[in-house]
Amino acid sequence: MNIAGKYLLGLFAAAVLFLGATLPVAQAEEDEYSGSRATIGAARPSNPKWVSECGACHLAFPARFLPAESWREMMSGLDNHFGSNAVLDEETAREITVFLVDNARRKKSRDASGNMPKRITESRWFMREHARAELRVKNNPKVKSMANCAVCHIKAEQGDYSERNIKIPK
Amino acid sequence: MFRPLHAVGLLFAVIVGMAAQPALAESPEGLLESLRAEASGTAGFQGFSAARGETFYKNKHGDDWSCSSCHTLNPAAEGKHAKSDKLIKPLAPSANPERFTETKKIEKWFKRNCNDVLDRECTALEKGDFLAYLLTIKK
């Protein structure tokens, strides 16, 4: 390998080390709150279609917030997606479903009545995590809905739900 | 645990993602012309009207939402999804040059939003009036 090649390789190695040093730290913390440890040490799973399609109308909710069965059911009923018709073309829907299912919550997840959760906010783990927060934001018009993650989780768009990045609006 | 291969994959994905940005396929004016061609086939068509488009944009059509419920009364301003509060970039091409430049996206959003606001697809006349109105909006 010539000198330029070695130089490039060095640069690349430095970039890789940098990524390795920064990503897992933030990751380890947030996974406590989702209950899933499957993604620790890996980059936050992402997919451009998931970002552009799901993220067009609401925050692109992380796959690890619902189990695979919930995602499958949601993605097969997009013609009535909580009251809206959010149908995607077949290819896009398939790609997003695979992405969501592959990165879904691994632990068993149930809603309050013991059924498969249809919404993230109705999952037991979510309600447990947010029991106190829910009381605090109950009458806060800036919050509106518990599905509005990014109001308090100020880095939710980047997939960061860690405790230190929570700021409840007054 | 750190896996160098994951980082390589991530870098690769970023590079590919940047290269895959779709080219601008349309212009708002071009879209208006093709809508005009479509609408001129309907009986009594006498051209688009920005005034009609404005009324259409600001009024409800039998359902809970109007266009302005999410895009606000000023199409050059940033909007907010009526349910999720998600930020929406300005709709008027003068304020957001990316609007109405990609055919696939245009069709998708007309279909989806007309469904949310009118419970049906919009006609070429409605789309043309609406676009004619948006094109009169200055930043």
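Modeller: Before we start, one definition: helices (H or I, at least four residues) and strands (E, at least two) are DSSP runs, numbered from the N terminus.

Colleague: Thanks! What kind of model is this, and how are the residues numbered?

Modeller: This is a predicted model, where local features need pLDDT of at least 70 and side-chain atom pairs count only at pLDDT 80 or more, while totals for chains, interfaces and linings use all residues. Residues are numbered from 1 along each chain as its sequence is written, chains are lettered from A and ligands numbered from 1 in the order in which they are written, and side-chain values use heavy atoms, leaving out hydrogens and water.

Colleague: Good. Where is A:Ala63 found?

Modeller: A:Ala63 lies in the loop between H2 and helix H3 (68-75) of chain A.

Colleague: Buried or exposed, that A:Ala63?

Modeller: A:Ala63 is buried, with a relative accessible area of 4%. Buried means under 20% relative accessible area, exposed over 50%, and partly exposed in between (1.4 Å probe, protein chains only).

Colleague: And what does A:Ala63 touch?

Modeller: Leaving aside residues up to four places away in sequence, A:Ala63 touches A:Trp71, A:Phe99, A:Leu100, A:Asn103, A:Ala104 and A:Arg105. Contact here means heavy atoms within 4.5 Å. A:Ala63 is also 17 residues from A:Ser46 in sequence, with 9.0 Å between their C-alpha atoms.

Colleague: Let's zoom out. How many helices and strands does chain A have?

Modeller: Chain A has six helices and zero strands, so along the sequence you read α-α-α-α-α-α. Of its 170 residues, 42% are buried. Among contacts in chain A with a separation of 6 or more, 55% join residues 24 or more positions apart.

Colleague: What about chain B, how many helices and strands there?

Modeller: Chain B has six helices and two strands, and from the N terminus they run α-α-α-α-β-β-α-α. Buried residues account for 37% of the 139 residues of chain B. For chain B, residues 24 or more positions apart give 56% of the contacts with a separation of 6 or more.

Colleague: Back to H2 of chain A. At what angle do H2(A) and H4(A) cross?

Modeller: Helix H2 (residues 48-57) and helix H4 (residues 90-102) of chain A cross at roughly 110 degrees, and their axes come within 9 Å. The two are therefore roughly perpendicular to each other. On the wording: angles under 35 degrees count as roughly parallel, over 145 as roughly antiparallel, 65 to 115 as roughly perpendicular and the rest as oblique. Axes are lines fitted to C-alpha atoms, for helices over the stretch in contact, and angles run from 0 to 180 degrees between N-to-C directions.

Colleague: Which residues make that contact?

Modeller: From H2(A) there are A:Lys49, A:Trp50, A:Glu53 and A:Cys54, and from H4(A) A:Glu91, A:Thr92, A:Glu95, A:Ile96, A:Phe99 and A:Leu100. They divide into five nonpolar, one polar and four charged. Ala, Val, Leu, Ile, Met, Phe, Trp, Tyr, Cys and Pro count as nonpolar, Asp, Glu, Lys and Arg as charged, and the others, Gly among them, as polar.

Colleague: I also spotted A:Ala56. What does A:Ala56 touch?

Modeller: A:Ala56 is in helix H2 of chain A and counts as partly exposed at 27% relative accessibility. Not counting residues up to four places away in sequence, A:Ala56 touches A:Val51, B:Lys86 and B:Trp109.

Colleague: Which residues form an aromatic cluster in chain B?

Modeller: B:Tyr57, B:Phe100, B:Phe110, B:Phe130 and B:Tyr133 form one.

Methods: Rings of Phe, Tyr and Trp (its six-membered ring) pair if their centres lie within 6.5 Å; planes under 30 degrees apart count as stacked, over 60 as edge-to-face and the rest as tilted.
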